[in-house]
Amino acid sequence: MASSLNIAVLGENAEQRASLAQSIGKKGSVDDIAFHHTVFGGKIVSAVDCLSYPAKLSALLNAINLCDSALVLAQAPSPALGETIVALVFLSIPSVFVSQMVLATFLSGTGLKVSKVFATDQE
C-alpha cells in the first residue's frame with residue numbers, strides 16, 4: 001500500500017490557495033474543504049484547502065486536523081493569520097510559510113519558530 005502525505009494549504013486569499021492546491025493535484029471532493037490529489041514518488045499527496053475559512057473556523061480546524069503539515073500563504077498581519085498560527089501550534093503541525101513579511105515576531109515563543117519562511121514577490 002502506498003504511503004500518503006496530506007498538506008493543509010492555508011491563507012486568507014482563496015484564489016491563491018486554490019491555485020496552489022490545483023498545482024499539487026487534481027481536484028477531488030469539495031464541501032467546506034477541498035481535496036486535490038496526486039501521486040509523487042509512490043506517495044499519495046493530497047492538498048487540503050479550507051474553502052469556508054475565515055467564515056467558518058471549523059473549516060480551518062478540520063483541514064489542519066487532517067494534515068501532516070501545512071503550507072501557509074501569509075500576506076499581511078490579520079486576525080485570520082493569528083488564528084491560523086494558534087491552530088497550528090495547538091495541533092502541533094509542522095509548517096512552512098510563504099510571505100514577504102518578517103514572521104519572527106509572530107512565531108517566536110511557539111513551536112513554529114523553527115518553521116521555514118520563503119519570500120514571494122506577490123503582493
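Predicted model: local features only at pLDDT ≥ 70, side-chain atom pairs only at ≥ 80, totals over all residues.

Disulfides first: I searched the whole structure and got zero, counting a disulfide as a pair of cysteine sulfur atoms within 2.5 Å. Cys50 is in no disulfide, and the nearest cysteine sulfur, in Cys67, sits 9.2 Å away. Looked at from Cys67, the closest cysteine sulfur is that of Cys50 at 9.2 Å, which is too far for a bond.

Residues are numbered from 1 along each chain as its sequence is written, and side-chain values use heavy atoms, with hydrogens and water left out.

(Buried is under 20% relative accessible area, exposed over 50%, partly exposed in between, with a 1.4 Å probe and protein chains only.)

Where is Cys50 found? I located Cys50 in the loop between β4 (43–49) and α2 (57–65); helices are DSSP runs of H or I of at least four residues, strands are E runs of at least two, numbered from the N terminus. Leaving aside neighbours within four places in sequence, I listed the contacts of Cys50 (heavy atoms within 4.5 Å): Val9, Leu10, Arg17, Asp32, Ile33, Ala59, Leu60 and Ala63. I also looked up Ala8, which is 42 residues from Cys50 in sequence and 7.9 Å away in space, C-alpha to C-alpha.

On to the helix α2. Its contact with α3 (residues 79–90) is made by Leu57, Leu60, Leu61 and Ile64 of α2 and by Glu83, Thr84, Ala87 and Leu88 of α3. I sorted those residues into six nonpolar, one polar and one charged. (Nonpolar is Ala, Val, Leu, Ile, Met, Phe, Trp, Tyr, Cys and Pro; charged is Asp, Glu, Lys and Arg; the others, Gly among them, are polar.)

Last, the whole chain. I counted four helices and seven strands, in the order β-α-β-β-β-α-β-α-β-α-β. The C-alpha atoms fill a box of roughly 40 × 30 × 30 Å along the principal axes. Of the 123 residues, 39% count as buried. Among contacts with a separation of 6 or more, 54% join residues 24 or more positions apart.
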